[in-house]
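Trainee: Could you walk me through how to read helix packing, chain contacts and overall shape in a model like this one?
Mentor: Gladly; let us look at it together.

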Amino acid sequence: MNENSDVILMGEDIAAAGGPWKTSEGLLDKFGSERVMDTPIAEMGFMGMALGAACTGLRPVVEIMFVEFLGVAIDQLSTEAAKFRYLSGGELSVPLVVRATTGAGLGFGAQHSQTLESWFYQTPGLKLAVVSNPQSAYGLLRSAINDNNPVVVLEPRSLFANREELIRGEEGFVPLGKAKIINEGDDVTIVGLGSTVESIKKASQEIDASSELIDLLTLIPWDKEAIVESVRKTGRLVTVEENPFSGGWGSEIIAYVTSKCYKELKAPPFRITAPDTLIPFNEALEKKYLPSVEYIKESINKYIITNEAPPSWWEELEV
Amino acid sequence: MSNSPKDRRASIKNDQVEQLKRMIEIREFEEICFNLFAEGLIRGTTHLCNGQEAVAVGIASSLEVTDYVMCTYRGHGHALALGMTPEKVLSEIMGKSGGSMFGLGGSMHLSDLSVGLLPTSAIVGAGIPIATGVAKSAQYKKTGAVAVSIFGDGAANIGAFHEGLNIAKVLNLPAIFICENNLYGEYSPLASTTSVLDLATRAKSYDMRNYIVDGQEIEEVIEKVGEAVNFARNGEGPTFIEMKTYRYSGHSRSDLAAYRPDGELEAWMERDPIKLLNNALVSKKTLTAKDLDKITKETNEKLNSVKEKVEKSSEPTLDYLFKNIYSE
């Protein structure tokens with residue numbers, strides 16, 4: 001916002017109150033109410049407003065308090081914003097950023113805890129990135145604001161308390177569309193996104209094999225090259241996802257990689273996810289719902305030993 | 001005179017004969033579209049606006065090319081009124097490479113940024129908050145531009161309408177919301193779906209300045225849109241205008257409007273916007289009684305030659321399938 005006066009910020013309680021997650025504290029005083037705007041609780045309305053502003057010269061950043069609230073704005077995002085360049089025959093650009101907080105683990109219950117990345121699949125024209133630590137929060141957001149397309153940046157709330165030394169400026173940018181290899185390894189490729197990146201890092205310390213850890217960072221478009229190259233080396237692939245099993249982002253990745261590298265695989269790629277159920281409030285059940293470090297470690301160890309996909313913990317519980 | 005969209009736009013400003021000609025162009029254009037669809041020469045669907053020409057030409061005459069218009073899929077008339085050439089509009093409708101989207105959009109997706117026409121949206125009401133944002137941009141950048149959203153009576157019941165109006169009023173934005181109340185939301189008469197018959201009532205609940213206008217009288221349309229434009233440019237916030245009008249055709253290609261009560265169409269045709277303007281011009285002696293037929297014939301011939309040209313024109317090539325999805 002310092003560098004470009006076209007960047008404006010809008011969302012519920014982000015100005016006077018400094019943001020429900022305190023991610024915009026002080027910005028109203030610094031940039032004024034024309035640039036830092038409290039909106040009505042009307043996501044369809046202010047998402048549409050952001051699109052209108054974006055295609056006529058501004059670079060709005062929209063904050064959505066909980067990703068579920070995008071449900072009422074999805075027409076403006078998927079059917080309008082993502083298609084506006086196409087519908088204008090290439091005349092318009094839509095430099096629009098949508099930040100939304102996601103994820104379970106903090107006791108917000110069934111309607112305030114989902115990740116919902118898969119809502120945005122099948123929407124060419126849109127980009128989607130997921131933050132995994134303070135640096136990627138900074139770097140992906142900076143890249144998204146500089147991008148001339150609508151970009152959704154999802155921010156897992158469970159990471160908001162994490163702290164690390166930040167590299168600022170150009171060097172701290174995290175490019176869209178590029179995965180990051182966190183740790184090189186030879187036996188198994190483990191891909192995480194958002195909150196599960198922290199979990200796979202912890203789990204890998206107790207995995208009895210050499211793990212190649214990848215933070216996917218951008219889901220739309222995802223870094224096919226990086227994942228395929230890694231799996232060609234390791235012959236094994238695991239995706240670790242916070243979302244329910246059916247239709248999760250790992251399905252897409254595994255389908256693609258399996259088609260590309262079938263003969264190089266040593267074991268069937270498999271997915272560690274949450275079960276196909278709603279997110280419970282009860283603390284013990286919510287913990288069980290999420291793929292824990294322990295569960296990730298055990299599943300991958302079984303996978304390495306047997307070269308088969310281990311069963312999920314809930315398989316025998318499902319009716 | 002060149003045939004550029006900007007010149008076409010300039011020609012209708014403060015010139016009633018040119019306004020009449022543009023209204024006739026829209027009427028004849030829609031007739032050609034209707035026939036092309038009926039003959040199976042155009043695919044998909046189309047939403048004609050015959051009967052509503054005074055609204056389209058009146059709005060276009062009242063705006064500058066630097067103003068922005070967000071309108072709906074019933075957009076052929078607005079596109080032509082704003083200055084888009086019949087050749088470009090028809091090319092898009094026929095899926096030809098000479099269209100505004102190179103033939104990838106069709107009837108519901110027209111745009112021409114050179115005259116301020118943003119992409120027309122096929123989602124009822126969606127353009128309303130978008131226009132609010134365009135007005136935000138104009139206010140913030142102090143461009144003096146006005147954002148106009150044009151939508152039908154059906155849109156007054158969707159959330160986007162209420163959210164867009166509310167935000168525009170709260171921020172005192174240079175926006176004009178124009179509702180073409182043609183009495184039917186798709187196939188349903190207004191009273192069967194809507195709590196009020198005067199949709200301007202809805203603007204009152206947002207404490208927004210509002211007018212009800214006889215949409216068949218172009219002079220009245222121009223007067224009221226002009227007032228709203230002045231308010232917007234002077235920082236006096238948004239205006240809501242309800243245009244009472246009527247579409248002679250059904251909602252879309254497949255709708256023959258069998259639900260209309262007997263005599264309703266005929267009663268509205270008595271107050272045909274082209275007839276009303278022509279009568280006014282004849283009584284002022286600007287035109288003679290014979291001119292209307294002559295203009296209609298000339299316009300029809302011109303449009304038919306456009307049609308022949310477009311029919312023979314090229315189709316988009318395969319590479320267009322992957323163009324204009326992302327910006328660099």
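Mentor: Axes here are lines fitted to C-alpha atoms, for helices over the stretch in contact, and angles run from 0 to 180 degrees between N-to-C directions. Helices (H or I, at least four residues) and strands (E, at least two) are DSSP runs, numbered from the N terminus. This is a predicted model, in which local features need pLDDT of at least 70, side-chain atom pairs count only at pLDDT 80 or more, and totals for chains, interfaces and linings use all residues. Residues are numbered from 1 along each chain as its sequence is written, while chains are lettered from A and ligands numbered from 1 in the order in which they are written.

Trainee: Which residues of α6(A) and α7(A) make the contact?
Mentor: Residues are in contact if their C-beta atoms, placed from the backbone, lie within 7 Å. From α6(A) come Lys224(A), Ile227(A), Val228(A), Val231(A) and Arg232(A), and from α7(A) come Ile253(A), Tyr256(A), Val257(A), Lys260(A) and Cys261(A). By class, this contact has 7 nonpolar, no polar and 3 charged residues. Ala, Val, Leu, Ile, Met, Phe, Trp, Tyr, Cys and Pro count as nonpolar, Asp, Glu, Lys and Arg as charged, and the others, Gly among them, as polar.

Trainee: At what angle do α2 and α13 of chain B pack?
Mentor: Helix α2(B) (residues 16–38) and helix α13(B) (residues 291–312) pack at about 50°, their axes 9 Å apart. That makes α2(B) oblique to α13(B).

Trainee: How many residues does each chain give to the contact between chains B and A?
Mentor: Chain B gives 35 residues and chain A gives 33. On the chain B side, α6(B) supplies the largest share, 10 residues. That side has 17 nonpolar, 13 polar and 5 charged residues.

Trainee: How many helices and strands does chain B have?
Mentor: Chain B has 13 helices and 7 strands.

Note on methods: Angles under 35 degrees count as roughly parallel, over 145 as roughly antiparallel, 65 to 115 as roughly perpendicular and the rest as oblique. Two residues are in contact if their C-beta atoms, placed from the backbone, lie within 7 Å.
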